Amino acid sequence: MKEIKRLSIEACCILRKDVKDALQRALKEEESEIAREVLETLIENARIAQESMIPICQDCGLTTVFVEAGREVRIVGDLYEAINEGVRQGYKEGCLRTSVVEEPLFLRKNTKDNTPAFIHCEIVSGEKLRLTVMPKGAGSDNSSALKMLNPSEGVEGVKNFVVEVVSRADANPCPPIIVGVGIGGSFDTVAIQAKKALLRPVGESNPSSSLAKLENEILDEINKLKIGPAGLGGKVTALGVAIETEACHMASLPVAINISCHALRSASVTL
């Protein structure tokens, strides 16, 4: 609970080093004067947020928590309740904006503590517990998409769908963006893969040479859109593209795109 509370605050206030480094690289590559001004502002905003421990963005998002539990780990008590209590305390003590409504369609009443968290558990080897807190705002999640492609559409179908989604989103997800892509699995798992892809350090390629090549090709096509930082035009629309895949049915080709704004936030701890 204490670690989740700490991670909830840190993730909202301290921008990941890989994202800050990616913004610095973008500043060197960008040619548009106004786009460079936007990037400089984003970098300065991240510095002030970290030094003052105030949120990088006013939208402190829904809280997704990824849990990797070693097979030898013994958990006493209710893990889900402990995680939610940590989120509850973190958002209160960190003065973070709460964004969760308990019923999505009719009442839409704010829970006032940003719970429930959205928890994904995975059993892995070992005797450690790894927790990753990922707050994500609506601007970028609302621009995300999922589609069940026909396998015959292949690589080009995947590329076209990703670029189409980014183009349609335009400035709404607060570019420069980072694009997580999930391929394979099933309707219910491919979106999780897309979100998990955003946990990979920006600029780090998929170990598969074929997927790494596809990541670069999609990134190039996205940046040709010239949406640019804050949607004001420029060379850098996206800082990176990360693809994760898993097995799927032979008649399916699920593809999910989870877009993150420039404030790609997450924080992890291994216990």
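The notes below follow that order.

I worked on a predicted model, in which local features need pLDDT of at least 70, side-chain atom pairs count only at pLDDT 80 or more, and totals for chains, interfaces and linings use all residues. Residues are numbered from 1 along each chain as its sequence is written, and side-chain values use heavy atoms, with hydrogens and water left out.

I looked up strand S1 (residues 62–70) and found seven of its nine residues buried (under 20% relative accessible area, 1.4 Å probe, protein chains only; exposed is over 50%, partly exposed in between). Helices (H or I, at least four residues) and strands (E, at least two) are DSSP runs, numbered from the N terminus. S1 pairs with S3 (residues 129–136) in the antiparallel sense over eight bridges; pairing requires at least two DSSP bridges. Threonine 64 is opposite methionine 134 in S3. S1 and S2 run parallel, joined by seven bridges, and glycine 70 faces valine 124 in S2.

Salt bridges. I counted 22 in the whole structure, each a side-chain nitrogen of Lys or Arg within 4 Å of a carboxyl oxygen of Asp or Glu. Lysine 195 bridges aspartate 141, with the closest N and O atoms 3.4 Å apart. Because lysine 195 lies in helix H7 and aspartate 141 in helix H5 (residues 138–141), the pair ties together parts 54 residues apart in sequence. I noted lysine 195 as buried at 15% relative accessible area, whereas aspartate 141 is partly exposed at 25%.
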